[in-house]
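Thanks for coming. Please have a look at the structure first.

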Amino acid sequence: MNVKQLDLSRRTIAVAAALIGTVSLVIGAHAALNMRAIDAAKAVSTDQITGSIGQTSRLALVIGNGHYPDASAPLTQSINDARALSSSLRKNGFDVDMVEDATKDDMVRAVTRLKSRITRDSVVMLFFGGYGVQAGRESYMLPVDAVIWKEGDVRRHGVSIDGVLDMMKEQGAKAKLVVVDASRRNPYERRFRSYSHGLAPISASDNALILTSASPGKVVDDGKGEHSVLVSEFLNNLSKPGSAESVFNKTRLAISRASEGDQVPTVSSSLLEDVRFGEAGG
């Protein structure tokens, strides 16, 4: 083999070696990219899983009924209360479904929407402002199109608060909060009772917290402010950091003291969860 042939062979070997090295680098880089992609996919998957576990949803159904055809004047406070409370609850991290001047169909659809969204990690709140009537030891929220002449009509045309609580329980809600501002003198009970009867006790069973504007069987008169006395105090306490039980109890005490015992809201609790307000939805 002469010198030229030897140089050619060396060049050929060098080129081949360079090509092999380049291919190896390409294969290595491709493998590394694949591993990074796999690791990234695992990270995303893990984040999605850990983000869903223990993540509490906050749901609220807010109903404000003010324009009842059978009433001599509209309940303007109920509409104002529903709007203000919806805004405050959203600031506290609640996904709010607000309904104004709801008919029976409107209320049933709203409850059905709420039912479809409740999970075992849900904190669920119900607010009703309007007229309420008790029948058969249950308290009923009255829609604006209620036609009531006797006690049996209450069951047919009203929506049972206990029934909504039972639904929340069946869906496995983590915690249930209820505020009912409906202990008003109304145009219905006088048709089949000799005196206004207020609301029946609402049982706070299975991790529930309930606030009503008056004691069972009692009624209160609306004031002249923009909001009802109950909602005014409730909004005031809702804006401050604290537990749900603290907010409900402070509202009850403030109203009882301000009215010198004439209006005593009722708080019933079996709450086991530490639901917080006034802390950026925490």
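Before the sheet, a definition: two strands pair if DSSP finds at least two bridges between them. Helices (H or I, at least four residues) and strands (E, at least two) are DSSP runs, numbered from the N terminus.

Two notes on the source. This is a predicted model, in which local features need pLDDT of at least 70, side-chain atom pairs count only at pLDDT 80 or more, and totals for chains, interfaces and linings use all residues. Residues are numbered from 1 along each chain as its sequence is written, and side-chain values use heavy atoms, with hydrogens and water left out.

Now the sheet. Strands S4, S5 and S6 form an open sheet in that order, with antiparallel pairing. Its edge strands are S4 (132-135) and S6 (159-160), each pairing on one side only. S4 pairs with S5 (residues 138-141) over four bridges, in the antiparallel sense. Within that pair, Gln 134 stands opposite Ser 139 in S5.

Some totals for the chain. It has eight helices and 11 strands. Of its 282 residues, 42% are buried. Buried means under 20% relative accessible area, exposed over 50%, and partly exposed in between (1.4 Å probe, protein chains only). The accessible surface comes to about 14,600 Å², and carbon and sulfur atoms account for 54% of that; the areas come from the Shrake-Rupley method with a 1.4 Å probe, and for residues, only the protein chains shown count as cover. Among contacts (heavy atoms within 4.5 Å) with a separation of 6 or more, 74% join residues 24 or more positions apart.

Next, salt bridges. I count one when a side-chain nitrogen of Lys or Arg is within 4 Å of a carboxyl oxygen of Asp or Glu. The structure holds 12.

What does Arg 191 form a salt bridge with? The partner is Asp 70, with the closest N and O atoms 3.5 Å apart. Arg 191 lies in helix H6 (residues 189-192) and Asp 70 in the loop between strand S1 (57-64) and helix H2 (76-91), so this pair ties together parts that are 121 residues apart in sequence. Arg 191 is partly exposed, at 28% relative accessible area, and Asp 70 is partly exposed at 34%.

Arg 184 bridges to Asp 222, with the closest N and O atoms 2.9 Å apart. Arg 184 sits in the loop between strand S7 (175-181) and H6, and Asp 222 in the loop between strand S8 (208-212) and helix H7 (229-238), so parts 38 residues apart in sequence are tied together. Arg 184 is buried at 3% relative accessibility, while Asp 222 is partly exposed at 35%.

Arg 185 forms a salt bridge with Asp 221, at 2.6 Å between the closest N and O atoms. Arg 185 is partly exposed at 44%, and Asp 221 is exposed at 57%. There is also a salt-bridge network that links Lys 150, Asp 153 and Arg 156.

Last, helix H7. Which of its residues are buried? They are Leu 230, Val 231, Phe 234, Leu 235, Asn 237 and Leu 238. Seen down the axis of H7, these fall within an arc of 165°, so they line one face of the helix; the arc is taken over the directions from the helix axis to the C-beta atoms. An α-helix has 3.6 residues a turn, so residues three or four places apart point the same way. The cover over the buried residues of H7 includes H2, strand S3 (122-129), S7, S8, helix H8 (244-258) and strand S11 (276-277).
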